[in-house]
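Biologist: I would like to go through this structure with you, one question at a time. Can you show it first?

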Protein chains: 2
Amino acid sequence: MSTAFDVVAEPARRQLLDLMMLGPRPVGELVAESGLSQPNTSRHLRVLRDAGLVECRAQGQRRLYSVRPQGFAEIAGWLTPYVLLWQGGIDALERHLEQTGKGA
Amino acid sequence: MSTAFDVVAEPARRQLLDLMMLGPRPVGELVAESGLSQPNTSRHLRVLRDAGLVECRAQGQRRLYSVRPQGFAEIAGWLTPYVLLWQGGIDALERHLEQTGKGA
DNA sequence: GACTAATATGTTTGACTGCTTATATAATTG
DNA sequence: CAATTATATAAGCAGTCAAACATATTAGTC
């Protein structure tokens, strides 16, 4: 099992996610627009799915893959303090840690 | 050269970042609190530094490492649409893409 | 300037991962 | 049900990377 961080570290997978961002896409379109080989695309989609970053529903012989936003919670949760530190300084960060209880 | 995504994919490096979050820390403390070996810690800090995620200033024979929040821009910038999609739905995402011009 | 403390680098090894090619499964059409 | 389209899986190879261990560098102390 890999974390969302591992999964998203791969440029090809970020590209696939970006292609799915605005709505569900069949694999064929993802293959065409990403430039990845079909098996390669399929493998990456599998990894994304196992990590909970995308989901898949069948429509005829196609499979429609779409982004699963909740899957990004792990990354977003970890990143938030650093973004706060960036935009609000150390005191914004401390307030956040206070609230989330991670400051103990 | 590796992207911020690659760098942050490593759990040990996220841990080090977390240890530096509240302020600059000397390497020795990071070694002690992370449980990583000293060379290993040093190597990870090097990677973090090369990626612009931390910076380093010398104080006597110690080196104080601290988080460099701007370094997180790449990740934050990529992640934002997905967080928006999560919290605000597709229309929040579309407004954002409109503004940032990535929607063309 | 020898000695110690603090940190960095080099090397090797083992594990993991992505890509390619070939093949298998599943749904669709005639 | 044969043929075709769409997607998934398998096996092999090559490149990458983190950990361990040894060693080098830099700064402070006597």
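Biologist: How many residues does chain B bring to the contact with chain A?
Modeller: Keep in mind that this is a predicted model. The contact has two sides. Chain A gives 19 residues. Chain B brings 19 residues.

Biologist: Which element gives the most to the side of chain B that touches chain A?
Modeller: Two elements of chain B give two or more residues there: helix 1 (4–9) and helix 5 (73–100). The top contribution is nine residues, and it comes from helix 5 of chain B.

Biologist: By class, how many nonpolar residues does that side of chain B have?
Modeller: Take the other classes first. There is one polar residue, and there are two charged residues. The nonpolar residues on the side of chain B that touches chain A number 16.

Biologist: Which residues come nearest to DNA strand C?
Modeller: There are 22 residues around DNA strand C.

Biologist: Which element gives the largest share of the surface near DNA strand C?
Modeller: Chain A has helix 4 (38–50) among the elements that give two or more residues. Chain B has helix 3 (27–34), helix 4 (38–50) and strand 3 (62–67). The largest share is six residues, from helix 4 of chain B.

Biologist: And which element gives the largest share near DNA strand D?
Modeller: Of the 22 residues around DNA strand D, the nearest are A:G28, A:P39, A:R62, B:P39 and B:G60. Elements giving two or more residues are helix 3 (27–34), helix 4 and strand 3 (62–67) of chain A, plus helix 4 of chain B. The largest share is six residues, from helix 4 of chain A.

Biologist: How many charged residues does the surface near DNA strand D have?
Modeller: Seven residues there are nonpolar. Nine are polar. The charged residues number six.

Biologist: Is helix 3 of chain B roughly parallel or roughly perpendicular to helix 4 of chain B?
Modeller: The two helices pack with their axes 10 Å apart. The angle is about 115 degrees. Angles of 65 to 115 degrees count as roughly perpendicular. So helix 3 of chain B is, relative to helix 4 of chain B, roughly perpendicular.

Biologist: Which residues of helix 4 of chain B make the contact with helix 3 of chain B?
Modeller: The crossing of these helices is right-handed. Helix 3 of chain B uses B:V27, B:L30, B:V31 and B:S34. Helix 4 of chain B uses B:Q38, B:T41, B:S42 and B:L45.

Definitions and conventions: Residues numbered from 1 in each chain as written. Chains lettered and ligands numbered in written order. Predicted model: local features only at pLDDT ≥ 70, side-chain atom pairs only at ≥ 80, totals over all residues. Contact = placed C-beta atoms within 7 Å. Helix = DSSP H or I, 4+ residues; strand = E, 2+ residues; numbered from the N terminus. Nonpolar A, V, L, I, M, F, W, Y, C, P; charged D, E, K, R; others polar. Near = placed C-beta within 6 Å. Axes fitted to C-alpha atoms, helices over the stretch in contact; angles between N-to-C directions. Parallel < 35°, antiparallel > 145°, perpendicular 65-115°, else oblique. Left-handed = near helix turned anticlockwise from the far one by under 90°.
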